[in-house]
Amino acid sequence: ICVYADGEIRPAPFSMAAFGETDLLSAAAKRQVLAEPYPDPADPDESAAEMFTRKFGEETYRNLLGPLFGGIYGSDPAEMPVGHALSGLLKLEARHGSLLKTAIQRTAGGRDTPPAISFDDGLQRLPEALAETHAENVRLETPVTGVREGETGDAPTYDLETPDGEESFDRVVLTTPADLTADLVGDLAPDSADALRELNYNPLAMVYLETDLDGAGVEPALGYQVGFDADLRTLGVSWNASMFDRGVVTAFLGGMHDPEILDESEETMGEIAAAEFEQATGAEAEVVDVAHHRRGFPAYDDSWDAVERVELPEGVELATNYTARMGVPSRLREAEALADELAGTAPVSADD
C-alpha cells in the first residue's frame, strides 16, 4: 500500500529495510518511531490520533499512520477512541510490551499480512455458494420483519415474523446492519435497540475507474491512501488490477472528512475521482460506475460507547462488523466460532 503525499505516490514502509529508506519520514521522525517503547502504553480512552502522535510523533502520524489507519474506515482518527478502533492492538501491545516490537515481529518473524480477498466472480459469490450449499434451509425473498419472544418453557424460544407468517426457533443469529437490527429487536429488547440506533456510520462513495496503469508507467501496488495535507477529496484508491487482476480501480470518496460529497450527483463524483486519480498517478481514467452508501463503514467514534448497552436475551446472538472486526477474514472467523458454539463443539476464539 502507498501514500499520496507532497504530490507523489510513495510506498508505505512495512519492513525495517523500507523504513530506513523511505522519504515519507525525516531522520528525526524515524528516531522518534524507534523510541516508541518508552512512552506509556496506549490508553483505551485516548483517541487514535493522540495515541499515534504520542508514541510515534506528529510527523509519522500526519504522513503515514493517520492516512493509512483513517483511510481504512473513512474516519478521522482524532474522533476514534483507541478502545473501540484499536482493541486488538491493545491486546498485542500488552502481550509484547510495544507496538513497534509487535510490528517488527510480524514483518521479520515470517508472519505475512493477510492478503486481499475476493472471488473470481466477485464477493457476491460467497452468499451465492452458501445459499447453494444449504438450499434446503435457505428461504429467499422472505424478509424477517421482527423478532419476538415465543412461548415460555424450559428454554426460551423466539418467533420470527415474515410476510408469510411466524415461525419459532430456539436460537437466533442477527447479521444485519445496526439500524436494521434495532428495528428487528425493538419489541424484544427496546433499550438495546435504542443503543444500536446511536451508532454512527461514515457515508461512502465508490467510483469505479477504468485505466491503464502499465501504460502510464505506474508501479504496481495495492493502492494508495491520501495524506492529510493533500488537497484532494479522494480518501484513497484500491488498484484492483494489482490485487485481483481486474482492469479497474476503485476510488473512495466521502467518509467522516467529507460527507457532503454524497450530496453531489454521481456524474460529479465520477468527475472528481477521475480528475484526482489522473493528478495523483498521471494515468487517464474513465468512469465505469458509481455506488454510494449513506451508512458505509462503522465510524468507531464515541458513539460506539453505546455497544456496551446492547444486551440481547439468551439465545439471540449478533455476528456483525459493528460488534467485532471488519473484513472478510474476520467475518469468516467469527462465523466459524459461532457455528461451533451452536453445534455444541469446542468454541474457537474469533480473535485467534
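Another bridge partner in S5 is Glu166, which goes with Glu161. Before going further, a word on what you're looking at: this is a predicted model, where local features need pLDDT of at least 70 and side-chain atom pairs count only at pLDDT 80 or more, while totals for chains, interfaces and linings use all residues. Residues are numbered from 1 along each chain as its sequence is written, and side-chain values use heavy atoms, with hydrogens and water left out.

Back to those bridges. S5 pairs with S4 in the antiparallel sense over five bridges, where pairing asks that DSSP find at least two bridges between the strands. The link from S4 to S5 is a hairpin that runs through two residues. Strand S4 (residues 158-162) also has strand S3 (residues 146-149) as a partner, running antiparallel and joined by four bridges. There, Tyr158 of S4 stands opposite Glu149. Put together, you get an open sheet of three strands in the order S3-S4-S5, with antiparallel pairing. S3 and S5 are its edge strands, each pairing on one side only. On average, neighbouring strands of this sheet are turned by 30° against each other, direction ignored. As for cover, S4 has four of its five residues buried, with buried meaning under 20% relative accessible area, exposed over 50% and partly exposed in between (1.4 Å probe, protein chains only).

Now for another strand, S8 (residues 223-226). In a regular strand the side chains alternate between the two faces of the sheet. Both faces of S8 are covered: Gly223 and Gln225 are buried on one side, Tyr224 and Val226 on the other. S8 pairs in the parallel sense with strand S1 (residues 2-5) over three bridges, and Val226 is the bridge partner of Tyr4. With strand S9 (residues 234-239), S8 pairs in the antiparallel sense, again over three bridges; here Tyr224 stands opposite Val237.

Next, a couple of threonines in loops. Thr176 is in the loop between strand S6 (172-174) and helix H9 (178-184). Its side chain makes a polar contact of 2.7 Å with the side chain of Thr181; that term means a pair of N or O atoms within 3.5 Å, where within protein one must be able to donate a hydrogen and the other to accept it, and residues adjacent in sequence count only if both atoms are side-chain atoms. Not counting residues up to four places away in sequence, Thr176 touches Thr181, Leu184, Thr320 and Tyr322, contact being heavy atoms within 4.5 Å.

That brings us to Thr320, in the loop between strand S12 (316-318) and helix H13 (328-343). Thr320 counts as buried because its relative accessibility is 3%. Its side chain makes a polar contact with that of Thr323 (2.8 Å). Leaving aside neighbours within four places in sequence, Thr320 is in contact with Leu174, Thr175, Thr176, Arg331 and Glu334.

Finally, a helix pair. The axes of helix H2 (residues 27-34) and helix H3 (residues 48-56) come within 7 Å and cross at roughly 100°. Ala29, Gln32 and Val33 in H2 meet Thr53, Lys55 and Phe56 in H3. The residues of this contact divide into three nonpolar, two polar and one charged.

Note on methods:
Axes fitted to C-alpha atoms, helices over the stretch in contact; angles between N-to-C directions. Nonpolar A, V, L, I, M, F, W, Y, C, P; charged D, E, K, R; others polar.
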